[in-house]
Structures are given as structure tokens and as C-alpha cells.
Amino acid sequence: MSAARRAGDVILSVQDVSLAFGGVRALQEVSFDVCEHEIRAIIGPNGAGKSSMLNVLNGVYHPQQGKIRLRNKEFADMDSHQAADLGIARTFQNIALFKGMSVLDNLMTGRNLKMRCNFLQQALWLGPAKREELEHRRAVEEIIDFLEIQHIRKTPVGRLPYGLQKRVELGRALAAEPAVLLLDEPMAGMNLEEKRDMCRFILDVNDHYGTTIVLIEHDMGVVMDISDRVVVLDYGRKIADGSPDEVRGNQSVVDAYLGVAH
Amino acid sequence: MSEVIFFFEVLAGGLLAGVMYALVALGFVLIYKASGVFNFAQGAMVFFAALTFVSLTERGWNFWLALVVTLAVMVLLGIVTERVVLRPLVNQPQITLFMATIGLTFVLEGLSQLIWGSQPHGLELGIPDVPMEWLSQKWNVNISQFDLFSAFVAGGLVAVLAVFFHRTRIGRALRAVADDHQAALAVGIPLQHIWAIVWAVAGFVALVAGLLWGVRNGVQFALTFVALKALPVLILGGFESIMGAIVGGLIIGASEKLAEVYVGPFVGGGIESWFAYVVALVFLLFRPEGLFGEKIIDRV
Amino acid sequence: MSGELTGLDTFPKLLMHHARARGDRPAIREKDLGIWQTWTWAQFAEQVRLCACGLAAQGLRRGSHIALISDNRPRLYAAMAAAQCLGAIPVPLYQDAVAAEMVFPIQNAEIGFAFAEDQEQVDKLLEILPQCLSLKRIYYDDPRGMRHYAQPELMAYEKLIELGREAHRRDPSFVENEIASGAGDDTAAMFFTSGTTGVPKGVVHSHASLIGPSLTAARLDRLGEGDVILAYLPPAWIGQNIFSCAQAFVTGYCICCPESAETVMTDMREIGPTYYFAPPRVLENLLTQVSIRMEDASRLKRWLYRRFMDVANRVGGAILDGKPVPALDRGLYWLGDLVVYGPLRNVIGMSRVKVGYTAGEAIGPDLFKFYRSIGINLKQLYGSTETAVFVCVQPDGQVKADTAGPAVPGVELRFTPERELLIRSPGLFREYYKNPEATRQAKDPEGWFHTGDAGYFDQDGHVKIIDRVKDVGRLADGTLFAPKYLENKLKFFPYIREAVCFGDARDKVCAFINIDPEAIGNWAERRNMPYSGYTDLSARDEVYELVRECIERVNADLSAEPEIANSQIHRFLILHKELEADDGELTRTRKVRRGFIGEKYGELVSALYAGKTSVHVEAQVRYEDGRTGTYSADLKIRDAKVFTPAASQRAA
């Protein structure tokens, strides 16, 4: 299935990134790249540094060493707001939605950066502001339709079951029309049916919008089915990189997952 | 018959006083909603705003010019507060932020008296604080013209804020920030920006409250204590709800006036100064999240 | 109205008439991307014209069949009407049927063309393509996910319309000519009966047999262009087709398509239909939801609800029927309307309903009364696929909870000695497609249709249906045993989802119960009872106790009805699994298949009658991920109290 997808040029690359908290070295000289339109997975056992890697890409952590290249711009590090501005959107392992707000409002916040009207126009609900709001509402409605969440449009997110919240969070990230979408364990804590749905949505998003997706996941089976290429981390180091089949056959990956002593 | 009329007169007086409490409570709610901080300095901001305005007019400034300039000062104050006090303290425990606002209180109080002096001022907005004639003649009900005016101002303010919160991108961002900081950052909502706006809006609300209270009680240091009156209102209405601040204010205002008149004689009077707290305490026992407070719904 | 419609003997002619007579009025609406989008009659007709040209260009000819597999969508109705313009015959199929179930209709009618809603339906058709050699063309409405499909049979609906546009430019009068050459006796559509037994049968209807009854019924209820309906039931069911197609084409009212199956409630509220149809099951679910919400409401609201529902129960029906009611009650009802009934009608989206119908199964009298008591003009009708729905209809002012109403004008009825209902009407089907044997059995030489339903006329000339002729049995002591009647009484309790009663030729009645997992789950949560799912809940003693109370209340009711007092339920068990259409235990319209269940769970039935207190079951269960496993446990069997019949009490 993944062969049918059209991977393009390198859009994001990570060069020799190292990150340490005090004495703990979370990432050690990790390098890899992500091509446009591909689904790129970062996997590894618990504590391998997957989340740290994602947080570096998203500007939450600032690496001590190394560079990140997005399109033609190079960064030593960035902050979250800047990352969002550059078109990096993400979801969180333990869901960071606005629980008191409706699904619709949550998705609308995803488009906040795209809104240009000033404060006064907005407050007075002037023509341009109204047009802008409607235009963004339309974009959001398309995502609602795409993710099949019409029936909960007006429901406060806090009242939804876990699986649906995950879907809403994916929707909010999509609403930003990201260049790169980071998914932090999108399948964590889901039952089989929800996992299958989520897989379908990730593939659909990739196919329909052509979104480049970087996902980290603990569950190896799921990842192998939907990814084009896989990076394997273990103890903060990259131990393998390649197609799912290559990675699966790699001895050090097998060792890492089986917990062979280092 | 006159009994009934008297009752309604007391009730109306109480409700209108309640509007004034609500106005102050509103300032607290705004900041608490957006940043989760109980802004101890709100009272000082009210005082500072009123004092600045009254001092400017006393120096012969035109009413509107003074108003605009004071508003600008309050907005600036909000922005500076965010920059100097809050930003360095980002990700600190709430108690630290709370302490910081206490510090801010003293700075503001000191600053205002340093600049404008410490003597009390009278304030006149051109609306007389006298009973409305046709009401008293026709129904024999005494309701102050000024009270009614304040009620309208407060109502207008709430309407504006409601539109602001629900209609605009900034309002939505504000609610988002109030809901979850991390998530707000992830979708690219600039926290600092939003906080500055909230503090500026709180400054604006403080100005309105300061002017109305200033007319009633004179602009003096005691104005900072109106913040204490807002506390029971907040407990009643919930710290996060604009609607709650209004309804809470009305309930507190009405109940304390009624208590003063109908219960006061039996316990020797002076009820008005503490009755609000009793109401708030009783309420705490039954509904700790407040009348309109957001019940946190968590699903696992 | 008849003057206006003279000479309009086919649906396409009616459509073109509305496009001229009320071109700017809304014909069909759909909620898309959160906004209701409208086709006026003129736009609808234009769409149909282009679609017809496209289909003709693709080779659809007069007399050939086209399958339609879709939820209610404007384009489905456009495609259906387009086929009719060409004299081709639309065959709507149930969109929730599995692929294998579609093989027979497609083979049977040698279907060459199909309209599919989306990827899901296309996948089903592609799956059975090797078995359906006649199927050459598949058009899909929603292009989502279809990008990588390269099968030559596939074409997007939009592309079809493009082709139609070109063809229309070349020959602008083509469609009008095709429409003009159609006649009322031509076949208009074919509906496959879901078939409680045996293979499905294609029921062939002409334009005349669909238009006639639709028009008569529309006149009876004074329906007009201002009416609105929400089309939310499967289009393959003739009822849906009559309400959201035939009657709209006759009266010019507006059809609204919900956004998705999950949003029907919200859409109802937004649209506010004036004409409404719901099978008892939907009304039941609605009431269950209302009851559950009321149980969670504040004490004040619950109190108000109870008080005012008492008032409504007492006088609501009478007020709706225009009967005299004491002034005090009238005042109370007015107040109740303000605080309870009005908001309630609004919540369930029935604020504007002027006429509502229910049919398909006998409705529990309490359920029926509930809707009427809160001011919704819910009525009953009787009909079937073979009779184009309208056989009996209750006119305003003659509404009863336990009858189907008198015959519609133009319909003749009589009962056989075996109490089977026979019908002769203008709405009668022509035949079962390619099945003369079945046609002969159902329709006798004098043109009487044998319904298979048992019943009788009551004193007011209303038809009262009690059950299927073959299902009505007798207990060993000769007491009439109408299982469906009992099951409906049980199902009125929110906690009971499904019930299956046994008792024919036996000494007493016993029952299988399916609990309602939602309602019981809620009940358990309120009692802080942890549970893991249906199977777990169904084995709890507390739940058994709850169900037993329900059964005993039914028994108390039955004891007051002399003829069936002896059919009280003596013993019951709660099934370990939910009855499913996929397992063949329910029909696609979710009626219980009693015979099949009786055989499948024969051991359980014998245990009930053998007086055992528990029975061991071992069953294949399918898990959510598609794997199967074995479930084994002891099902409890409990006794329920039976009451001395009222008649014999009096005698004693």
C-alpha cells in the first residue's frame, strides 16, 4: 500500500542532534531525514528517546548540539510558537485538547495562526472579519467531514470518549494545514477497533491532503503497516533506519526490543 | 402596601449595589480565566485607575481626554505587568504568581500615592446620585439615578466582553489558553500576547469600576478594599464565569441589603459588612465550584 | 390538486411539473460541511435531466434495471428519478447489507448499472463483481478514498453529469421525449423484500401503483408544498421511498437528508419536519433516551416531568382529539406545555410535526400514548411493500393505540376464516420479479393480496392486527398466544431491548430477554456497579431482579385481558449475547426471527420448560477485532409471578 504513495524531496532533516537533561543523555547524535508526503515512524523501546525527539522537532526541548532543517531554513533550536508558525503541528500522547470547549472551537483554534484580521475588526465583527471567520469555518468543516465527527461538532471535548478525543486532536492539528504533522503515540490506549480507525484516518490524511507525517509509536506492529520508512532509537541513539522490512530484519532492532544486554 | 413597596425598594437598592460588586469581580474573573492567577492587585488597579482619572480632571483636563489617557495608562500597565511580572515567572507554581500579584499591589498603591498624592478626592461624572423623581412620585419608590446608570454601564460591559470572548479569534484563543497552556502553545497561540491582552482588558474593567465606585465613595485609599467585597461574589459565582460574577454580585448585593433591613434590628445592625461572607461560606459547603463554575469533567 | 396533476401519470412527469409550477421552492436539502444546501425543484429537475442524459449515453435503456446503494442523499434521488426518465427501473438496495446479500438481487434482475454512495459500497460491489457478470457500470457519489481505484467499471457521479451535459447539448429534447413516452403502467421501481424466510423477492410497482396511494394519503392529511420531511430511513425500504420520494413528487414538499446517521437527532431539531414517519423501534429509542436523560436530571426537573406527564397521560390525548376536557385540566395542560411538553417536543425535533405515522410493527400502547399525550399527532397506518404502504390509515380524530385504522379510500379489505387479512387496492404490486409461483401464492385470481397478517375488525371498523397468521398460536389450553404482542409489552421497558416469547402448543409462556446495554449500563453506573459489557451485565442477579419486576408488571397487565390472561410469562432467562441481524437472529429491519432463534437456542428453550434453574451454554462469539472464540457459562433461569386472571377473580 505504501508503495503507491508519492514521496518527494527531503522536507525536514535532523543532523547530529544531542539532548541531555542534567547528566541524562536523552538523544545522542541522532540524524535522519523526512521526505515530503511520506509517513515516517520513529520507534523504540520505552525510554529510547522517541518523545524527546518529537519535542525537539516541535520546539519544546532545545538540543545542546545539532541542527534541524525545515525546507531551506536551518535552526539550532526553535520555540513552540515558531514551530507552529513554520507549519509543524502535533498531537500529544496524553491529549492536550481544550476540554471545556466544543469540538468545533477546538478545531478553530488550530487555524488561529492563519487568521489575519485585527483585534478591532474582530471585536466589531466587521465584513472582513466575518468573511475570514466563515472561510476558516469552511476549512474546519471539511476536516470534520473528513474525520467523520459531525455528530459531536458542538459537544464539549471533555465529554467525549478517549478514542474520539484522539480523533479531534488529529483534526485540530490538521486544521493548521501543517507541512509536517507530528503524532505522538496516536494509538496509545486504544482498543483494536479504535486503532484500526486511527490507522485508516492517518493513511487517509496522508493520501488526501498529502501531509507529511512523523509519528512515534510504541506498538511496532501498527507502525510497520502504515509507515514508509522507520527510524529506530534505543538509549538515545539511532540503531536502524529504513523501510519496515529492512528494519524488521535488523538484528540490533530485534535485540533492542527483546532487551538483550548492552 | 407600603411594606411591599419598601421591600422592593430595598431589593432594588441591593441589586444595584450588587452590580457594582460584580464589576470588580469581573476583573478577577478575566485574569483567573486566562492565567489561573488570583490577581490580588485588582483592588489596587481600581484605585490606581480612579485616582489617575480624577487627578487628571482636577488638573483641568477635559473629561474624555482624561478618560482616554487613563485607559491608555491602564492598558500600558497591563502590558508592563505581563512583561515584568508574569513572563519571568512562567511555569512557576500558582502560589508564586499569587505572591507576585501581592507585590504588585503594594507597588501600585505606593506608586499612585507617590505620583498623585494621598489626599482623598471627590469624583463627579455628571449623573446625580439622587432618587429618580417620577419613580418616587408615582410609586413612592426611591431608586438612585446613578445606581441605574451603573447598572447600564455594567450590563453594556458584560455584553461587550461576551461578544469579545465568543465572537473573536482572540476570545477563542483566550478561552483556549485558559483551558490548557500546553495545548495552546502547540497550536501556536502566543501565551504572552494573550496574557498582555487580558491584563489590559482587566485594566479597562478596573477603570470602569474605579470611576463608578469613586463617585459613590470618593477616590481614596479605601477603594482598594472593594476587592474584598468581590471575594464572596467570586466564591458564589465561580472564579471562571463572567455570568457567575454578575449573578453572584446581584445575589450578594440583594441579600446583604435585605439582611441589613430585616435581620439587622434583631442583632444590633452592622450586618452589611459581614453578611456577604456568611452567604459565601454557606455556599462553599454546598457547591464549592461556584454557581457557574466549570465542573471539570474528566474521562478516563 | 387533482386538476393540477391531470395527465401526470409518471414520476418524471410530476418532477418536470414541479420544476415549472414551483421551480424556486426547495425540493431537497442536505447538510453538507455544516450548512444546509438546497436544490430547488428547478435545480433538482436540471440535475435529473443531466444525469438521465449521462446514463443514456452510458447505455442505460428502457426496461433495464439500475441498483442504488446509498444512504439518503440528493444525488441518490436524482439518479433514481433519472433512471425513471429513461424508463429504466431503479432497484434500491439496503446500504447496510453485506456484499453477499447483494448478489441475488443483482443476478435476479440482471442489473448492469449501479449507483453507490461511497468507497464502502463500491468495495462491496467490486467484491461480488466476479459473481455478477451483468454488472458493467458503477457510479459513485463521494470520491473520497477513490483516487487509487482503476477498475474500468467505475466512474464518479460528477463525471457522469459531465457526460450528460455534453449529451444534453447535442440533443436538448432527448430527455423530454423519453419522459413523454413513459406511461403510468410502466414499472416505476422494484423493491426487494428483506425476506423473513427464503430468498428475497423483487416487488414490482408501476408508477400508477405508487402514485395512487401516495396521492390519496397526502389528501387525507392535507399535505402540500409547505411540508418538510427528514429522510433518514433506508431508501431501499418502500416506506422511505413513499414518504421521501413518491409523496414529495405528488405534493411538491421538501425532502431533507441528514448529514450522517449519527446526526439525525440534531438534524431533526434544525429542520423541524412537519411530516414524520418512524417505526416503533425509533420512537422507542427516542423515549429511552428521554427517560435516561430525565433520570439524570435535577430533582426539580424530575418532579416537574412526573407531575406534568401525569396530566398529559390523563388529558393530553383527549385534547389532541378535540374532545371536551375540564377547564382546570386544560389549564394544567397548557402550563405543562409551557414547561415540559414544548421543550420535550423541541428536544426530539418534533415541534412542527403536523402528522406523524408509525407502522411496521405493533406499537406498545403506552409508547404510542406517550407521543400523543405531549401533543404530537402520531397516528398508525398499515401496509406493506406489496401494497405501497397505504392500506389502513387512522384519520385525525379516530386515533387508537391498538388498531391500524380503517381502510384508505379505494382499498377493499376482508378476513379469511383463519383470520388472515386480504387486500385489493390500486396500490397493489404487479408481481414478484421472475417469480410467478410466489406471485400466484400471494395474489389470487380475483386480485386479492394475501397479507399473512392475522387480525379482525373492531367495533368501529378499524383493522386490528395481532400478529402474523403463522405466528399466532394457541397454548395447550386453547388460549390465544400472540407472541409479538407480549414481546412488545416487554420491550416498552427501557431496560429490555429485545424479547422472544415461546408458548405455542405448550402449557405456559416462557421468554428470552435481551437487556438494553445502554439503559442497564446507566442504571449500573448510578449504582456504582462495575461491569465489563453486555455479557457481564446479563448474568448479574441484580439485573435479573430488575427484569423480573418488568415481567411481573406485564403479567399484571395481561391478567386484566380475559382472552390472553393465561399467556402470562412464567419463566425467563437473559441471553448471554445480543441478537444480531448479522447472525440471522433479526431481519435487516430488526424484527426478531422467532423460529430461527427457537432452533438455534433449542437447548435453552427446553431448559426453560424442563423447570431447570440454570442451563449451560457454549457459544461461538465474535470479538471486536474479528477473531472468534468460545464463550461458556451457566445461564440462570428465573420464575416470574403470575396473577389470577381478572375474569376468574370476579367469578370467584
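Analyst: Let us start with two helices of chain B: H1(B) passes H2(B) in a right-handed crossing, where right-handed means that the near helix is turned clockwise from the far one by less than a right angle, and left-handed that it is turned anticlockwise. Helices (H or I, at least four residues) and strands (E, at least two) are DSSP runs, numbered from the N terminus. This is a predicted model, in which local features need pLDDT of at least 70 and side-chain atom pairs count only at pLDDT 80 or more, while totals for chains, interfaces and linings use all residues. Residues are numbered from 1 along each chain as its sequence is written, and chains are lettered from A and ligands numbered from 1 in the order in which they are written.

User: At what angle do the axes of H1 and H2 of chain B cross?

Analyst: Axes are lines fitted to C-alpha atoms, for helices over the stretch in contact, and angles run from 0 to 180 degrees between N-to-C directions. The axes of H1(B) (residues 2-35) and H2(B) (residues 42-58) cross at roughly 120° and come within 10 Å. Angles under 35 degrees count as roughly parallel, over 145 as roughly antiparallel, 65 to 115 as roughly perpendicular and the rest as oblique, and H1(B) and H2(B) are therefore oblique to each other.

User: Which residues make the contact between H1(B) and H2(B)?

Analyst: Two residues are in contact if their C-beta atoms, placed from the backbone, lie within 7 Å. Here H1(B) brings B:Val24, B:Gly27 and B:Phe28, while H2(B) brings B:Gln42, B:Met45 and B:Val46. By class, this contact has 4 nonpolar, 2 polar and no charged residues, with Ala, Val, Leu, Ile, Met, Phe, Trp, Tyr, Cys and Pro counted as nonpolar, Asp, Glu, Lys and Arg as charged, and the others, Gly among them, as polar.

User: In what order do the strands of the open sheet in chain C lie?

Analyst: Two strands pair if DSSP finds at least two bridges between them. In chain C, 4 strands form an open sheet in the order E2-E1-E11-E10, with mixed pairing. Strands E2 (35-40) and E10 (228-230) of chain C each have a single partner strand, so they stand at the edges and one side of each is left without a neighbour in the sheet. From one strand to the next, the twist averages 20°. E10(C) runs parallel to E11(C) (residues 254-257), joined to that strand by 3 bridges, and C:Leu230 has C:Cys256 as its bridge partner in E11(C).

User: Which strands does helix H4 of chain C touch?

Analyst: Helix H4(C) (residues 74-85) packs on the sheet and touches E1 (26-32), E2 and E11 of chain C, its direction making about 140° with that of E1(C). Helix H11(C) (residues 264-271) also packs on the sheet, touching E1, E10 and E11 of chain C, and its direction makes about 175° with that of E10(C).

User: How is chain A divided into domains?

Analyst: Domain bounds come from an automatic or database domain assignment. Chain A is divided into domain 1 (1-87 + 178-262) and domain 2 (96-177), and their C-alpha centres lie 26 Å apart. The contact takes 12 residues from each of these two domains.

User: How many residues of chain B are in contact with chain A?

Analyst: There are 23 residues of chain B in contact with 28 residues of chain A. On the chain B side, H7(B) gives the most, with 7 residues.
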